[in-house]
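Subject: Structure handover

Hello,

Please find the structure below. My notes on it follow.

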Number of protein chains: 2
Amino acid sequence: MSRKSERLYDAIRYVRPIHQMSAQVVTSQLAGRAITMPMRAVLERLVVGGEQTVPQLARALWITRQGVQRIVDDAKELGYVEARSNPGHKRSHLITLTSRGRTAYEAIHAEELDRMDHIAAGVSSADIDACVRVLAHVAAELRAMAGPDDA
Amino acid sequence: MSRKSERLYDAIRYVRPIHQMSAQVVTSQLAGRAITMPMRAVLERLVVGGEQTVPQLARALWITRQGVQRIVDDAKELGYVEARSNPGHKRSHLITLTSRGRTAYEAIHAEELDRMDHIAAGVSSADIDACVRVLAHVAAELRAMAGPDDA
């Protein structure tokens with residue numbers, strides 16, 4: 001057992017509590033708004049990755065296709081997204097953000113970045129960049145280990 | 001919005017997929033064994049933090065006291081932990097690992113570290129250390145933001 005893998009394990013040990021505490025913080029932030037936490041995640045994927053199909057969203061977010069479809073249906077009702085025909089695949093529509101959806105996401109994300117400013121003040125830029133490199137690598141390797149997804 | 005907080009946000013965005021993919025990998029690893037994923041987490045806390053009370057475990061693992069109590073009861077039945085009276089607090093027993101519990105955890109953790117060796121090969125030691133510093137800081141700050149826990 002190398003010290004390196006032990007340290008990497010130490011890093012990954014923080015993932016579960018961070019995931020749960022973030023969820024709690026975001027849930028309190030969204031309380032009383034139409035937008036839910038998973039819908040916020042779908043809108044974010046559309047902002048970051050552009051228009052895409054439900055299976056693509058499912059793969060990126062590690063949620064089932066059925067789960068994404070439900071969220072997309074709810075977001076459509078709120079006028080946050082639209083489905084448009086996909087030139088590549090007749091049966092798989094492209095989900096695209098409306099300007100209303102972008103505005104809703106941006107308002108929430110601005111509040112998130114305010115919280116991040118506060119947290120980021122306690123760590124160096126170099127450490128943050130290193131952390132992104134490590135987590136991106138871990139995510140890619142785990143995705144390969146976890147095997148074929150359902151999307 | 002500083003670039004620093006945006007980058008930190010990029011890092012935290014990996015937490016949810018890593019959490020879910022890790023859970024899937026660990027669940028396949030534990031399939032067919034008596035030990036469950038939350039029980040594995042409790043045993044780990046006892047290995048890392050030594051004997052402690054149910055409320056202390058709940059705080060550290062960000063699980064409710066009732067949830068931890070159920071896991072501890074199951075682990076007791078398997079002979080992995082024991083409760084002993086707490087000199088400090090009459091009503092809150094100290095949960096302590098048995099040698100059988102330590103052996104069970106260590107066998108699982110050895111397999112986890114084998115997987116980590118493979119993943120760690122793709123990143124530098126300095127990056128891993130930086131990642132631990134960042135995630136430890138984020139966890140501490142979120143814990144403060146998430147407010148009083150139920151434990």
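Predicted model: local features only at pLDDT ≥ 70, side-chain atom pairs only at ≥ 80, totals over all residues.

Residues are numbered from 1 along each chain as its sequence is written, chains are lettered from A and ligands numbered from 1 in the order in which they are written, and side-chain values use heavy atoms, with hydrogens and water left out.

Relation of the chains

Two copies of a chain are related by a rotation about an axis and a shift along it. Here chain A is superposed on chain B by a rotation of 180° with 0.0 Å of shift along the axis, at an RMSD of 0.0 Å (least squares on the C-alpha atoms of residues with pLDDT of at least 70 in both copies). This is the relation of a two-fold axis. In chain A, the C-alpha nearest the axis belongs to A:C131, at 2.1 Å from it. Both copies use the same surface: 100% of the contact residues of chain A recur in chain B (contact means heavy atoms within 4.5 Å).

Helix α1 of chain A against chain B

Helices are DSSP runs of H or I with at least four residues, strands are runs of E with at least two, and both are numbered from the N terminus. Axes are lines fitted to C-alpha atoms, for helices over the stretch in contact, with angles from 0 to 180 degrees between N-to-C directions.

The axes of α1 (residues 3–13) of chain A and α7 (residues 125–146) of chain B come within 9 Å and cross at roughly 25°. α1(A) is therefore roughly parallel to α7(B) (under 35 degrees is roughly parallel, over 145 roughly antiparallel, 65 to 115 roughly perpendicular, and the rest oblique). On the α1(A) side the contact is made by A:R3, A:K4, A:R7, A:L8, A:D10 and A:A11, and on the α7(B) side by B:S125, B:I128, B:D129, B:C131, B:V132 and B:L135. These residues divide into 6 nonpolar, 1 polar and 5 charged (Ala, Val, Leu, Ile, Met, Phe, Trp, Tyr, Cys and Pro count as nonpolar, Asp, Glu, Lys and Arg as charged, and the others, Gly among them, as polar).

With α6 (residues 99–120) of chain B, the axis of α1(A) comes within 8 Å and crosses at roughly 100°, so α1(A) is roughly perpendicular to α6(B). Among the residues making this contact are A:L8, A:Y9 and A:I12 of α1(A) and B:Y105, B:L113 and B:M116 of α6(B). By class, the contact has 8 nonpolar, 2 polar and 5 charged residues.

Individual residues

B:V72 lies in helix α5 (residues 65–77) of chain B. B:V72 counts as buried because its relative accessibility is 0% (buried is under 20% relative accessible area, exposed over 50%, partly exposed in between, with a 1.4 Å probe and protein chains only). Beyond its neighbours within four places in sequence, B:V72 contacts B:V42, B:V54, B:L57, B:V81 and B:I95.

In chain A, A:V72 is in helix α5 (residues 65–77) and is buried, at a relative accessible area of 1%. Leaving out residues up to four places away in sequence, A:V72 touches A:V42, A:V54, A:L57, A:V81 and A:I95.

B:T53 sits in the loop between α3 (37–49) and α4 (54–61) of chain B. With 8% relative accessibility, B:T53 also counts as buried. Its contacts, not counting residues up to four places away in sequence, are B:N86, B:S92, B:H93 and B:L94.

Regards
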